[in-house]
Amino acid sequence: MKNFALIGAAGYIAPRHLKAIKETGNKLTAAVDKHDCVGIMDSFFPKAAFFTEFERFDRHLEKEKRENHQADYISICTPNYMHDSHIRFALRYGADAICEKPLVLNPWNVDHLLELQKESGKKVYNILQLRLHPSVIALKQKIETEPEKIHDIDLTYITSRGNWYYASWKGDLNKSGGIATNIGIHFFDMLIWIFGPVQKRKIHLHEHDRASGFLELKNARVRWFLSINAETLPDKVKKSGLSTYRSITIEGEEFEFSKGFNDLHTRSYENIMSGNGFELSEAKPSINEVFEIRQAETHPLKEDYHPLAKLPLAHHPFTKS
């Protein structure tokens, strides 16, 4: 049994980490979050120490270390822009870090963490759970049997968010990395993992509520569209009352992977415990890609653009006119 500490216990992703720690037979000894709505901890680790001040959390961990109850792993579920500093905290403390995606916002952050990882002798692991999805693994195996084929792919991911989104850190480009980073990085990681490195890119749209572009990978041409605006949902989805639409088509055929997500964090933890977790170097290609998307100029809608990129943009009160 390993000891865990958790930074960011009140967010929506934290319960998946709590569940994974529990289901892998490990123990959460301490958690911290500036928000105190963490009753979910009662379902997993009601005896874990909880702090709303990071300094007290830090002192507690140091006390545990002195008493030979050191945290072996520190799981990080904080806002994107905090990941880098919290990973550094874990390594300096002497624990391996398990961090939600995006691991960090900038490629050079990965390089610096590689140096610190080497100095500390500890590891940094990223949760890239789509790589563990059975359908995704099967697709990768299939693609590897056709090493010369170039596949035509359309990626559409729409996950509706209310106005609160724009007032939170998620709506701040400097804190979240924007739409492509915040909701798209797991798809970019999956596509690069399956179809090979990025050869070139073209960005057609990058706004507060949607982004779209074209990626040429080693073995694929990808038109992609990401959105948090409910108005961009297909009519059939709106009528059904659903708020999320996810679609990947390959040569016009739907790639089905809507099921099988429930236990992927637990499987991620199992892999980490067995020494097979996804490390810094594996996370870097997708981090580099979303960084490049963030910096890129937009191009007119010609040739290889996603059809939804043509939808009219509506003014939003949290954007500049």
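**The sheet and its helices**

Mentor: In this predicted model, six strands make up an open sheet of mixed pairing, ordered S8-S9-S10-S7-S11-S12.

Trainee: What makes S8 and S12 the edge strands?
Mentor: Strand S8 (198–206) and strand S12 (253–254) each pair on one side only.

Trainee: How do you know that S8 and S9 pair?
Mentor: Pairing requires at least two bridges between the strands. S8 and strand S9 (residues 210–217) have seven bridges, in the antiparallel sense, so they count as paired. Within this pair, Arg201 stands opposite Leu215 in S9.

Trainee: Which strands does helix H9 touch?
Mentor: Helix H9 (residues 185–195) packs on the sheet and touches strand S7 (151–159), S8, S9, strand S10 (220–227) and strand S11 (244–250). The directions of H9 and S7 make an angle of about 165 degrees.

Trainee: What about helix H12?
Mentor: Helix H12 (residues 280–295) also packs on the sheet, where it touches S8, S9 and S10. Its direction is at about 45 degrees to that of S8.

Trainee: Why is H5 called roughly parallel to H9?
Mentor: The axes of helix H5 (residues 134–143) and H9 cross at roughly 30 degrees and come within 9 Å. The limit for roughly parallel is under 35 degrees, so H5 meets it against H9.

Trainee: Which residues make that contact?
Mentor: H5 contributes Val136, Ile137, Leu139, Lys140 and Ile143, and H9 contributes Met190, Trp193, Ile194 and Phe195. Of these, eight are nonpolar, none is polar and one is charged. Lys counts as charged, so Lys140 is the charged residue.

Key. Residues numbered from 1 in each chain as written. Predicted model: local features only at pLDDT ≥ 70, side-chain atom pairs only at ≥ 80, totals over all residues. Heavy atoms only, no water. Helix = DSSP H or I, 4+ residues; strand = E, 2+ residues; numbered from the N terminus. Contact = heavy atoms within 4.5 Å. Axes fitted to C-alpha atoms, helices over the stretch in contact; angles between N-to-C directions. Parallel < 35°, antiparallel > 145°, perpendicular 65-115°, else oblique.
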